[in-house]
Amino acid sequence: MDSASPKDALFDAIALMGKAFASPRRLELIDLLAQGSRSVEELASASGQSNANTSQHLQALHAAGLVTRRRDGLRVRYSLAGDDVLALWLALREASAARLAEVRRAAREYLGDEVEAIGRDELVARMARGDVVLVDVRPAEEFEAGHIEGARSIPIEELKRRLDELPGGREVVAYCRGPFCAYAHEAVRTLRAEGRSARRLEEGWPEWRLSNEEAPA
């Protein structure tokens, strides 16, 4: 019978997006694009891939409707196709960490020993009182693309030599791309080694932005 064919075609079409997620290299590109738009060359450099491989992965993501592209002079810049795509990526990442021991084990090996974290609600209250310093330790271009209001940009590689810029007597909270981003963990270890009180934000910029946009007015 041919009656199943339209149903098969429907699920085959939906599977195109699922297949696009079935590559660790493409997932890393999605994670980078969650911080802001980038060119092929910038994504290749940030992910340690060749321009050719990065371009191929981006074409697959574009064909699946996960990213958009626009020409910027001689370069093509890619962006996530929308907040629904960002939410899908964050949900996949969260579910994998909750359900797969392999993900939790790999995260521990990558991030090292756990460092103390602070939640969003506590951070908001502390920032309102002015007794905490929020530091964005991502690369400067990611900070410029979007950041938490009130944060100051000190990329992780500049943190040690810029410690004097952080006022004493206040706890420092570092954040980066998300819970699997090593920059914030490294920042907390660096700050504590220097005798500073420090924690990392439990989430990163993408989660913060998406949550604020979804909050009722």
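Trainee: Is Cys-176 buried or exposed?
Mentor: Cys-176 is buried, because its relative accessible area is 2%, under the 20% cut-off for that label. Keep in mind that this is a predicted model.

Trainee: And Cys-181, buried or exposed?
Mentor: Cys-181 counts as buried too, with 8% relative accessibility.

Trainee: How many disulfides does the structure hold?
Mentor: The count of disulfides is 0.

Trainee: OK, new topic. Which residues of helix H2 are buried?
Mentor: H2 covers residues 24-33, and its buried residues are Arg-26, Leu-29, Ile-30, Leu-32 and Leu-33.

Trainee: Where do those sit when you look down the axis of H2?
Mentor: They fall within an arc of 160 degrees, so the buried residues line one face of the helix.

Trainee: Let's do charges. How many salt bridges are there?
Mentor: The count comes to 21 salt bridges. One of them joins Glu-122 and Arg-126, whose closest N and O atoms are 3.9 Å apart.

Trainee: How many residues apart are Glu-122 and Arg-126 in helix H7?
Mentor: They are 4 residues apart in H7 (residues 120-129), so about one helical turn separates them. Glu-122 is partly exposed at 37% relative accessibility, while Arg-126 is buried at 13%.

Trainee: Which residue does Glu-171 meet in a salt bridge?
Mentor: The side chain of Glu-171 meets that of Arg-199, at 2.8 Å from N to O. This pair links distant parts of the chain, with Glu-171 in strand E7 (residues 171-175) and Arg-199 in strand E8, 28 residues apart. Both Glu-171 and Arg-199 are buried.

Trainee: Which residues are joined into one network by shared partners?
Mentor: Salt bridges that share partners join Glu-122, Arg-126, Arg-129, Asp-131, Glu-171 and Arg-199.

Trainee: Last one: where is Glu-203?
Mentor: You'll find Glu-203 in the loop between strand E8 (198-201) and helix H10 (205-214). Glu-203 counts as buried, at 14% relative accessibility.

Trainee: What does the side chain of Glu-203 make a polar contact with?
Mentor: Its partner is the side chain of Arg-120, at 2.7 Å.

Key
Residues numbered from 1 in each chain as written. Predicted model: local features only at pLDDT ≥ 70, side-chain atom pairs only at ≥ 80, totals over all residues. Heavy atoms only, no water. Disulfide = S-S within 2.5 Å. Buried < 20%, exposed > 50% of the residue type's maximum accessible area, 1.4 Å probe, protein only. Helix = DSSP H or I, 4+ residues; strand = E, 2+ residues; numbered from the N terminus. Arc of directions from axis to C-beta. Polar contact = N/O pair within 3.5 Å; in protein donor to acceptor, adjacent residues only side chain to side chain. Salt bridge = Lys/Arg side-chain N within 4 Å of Asp/Glu carboxyl O.
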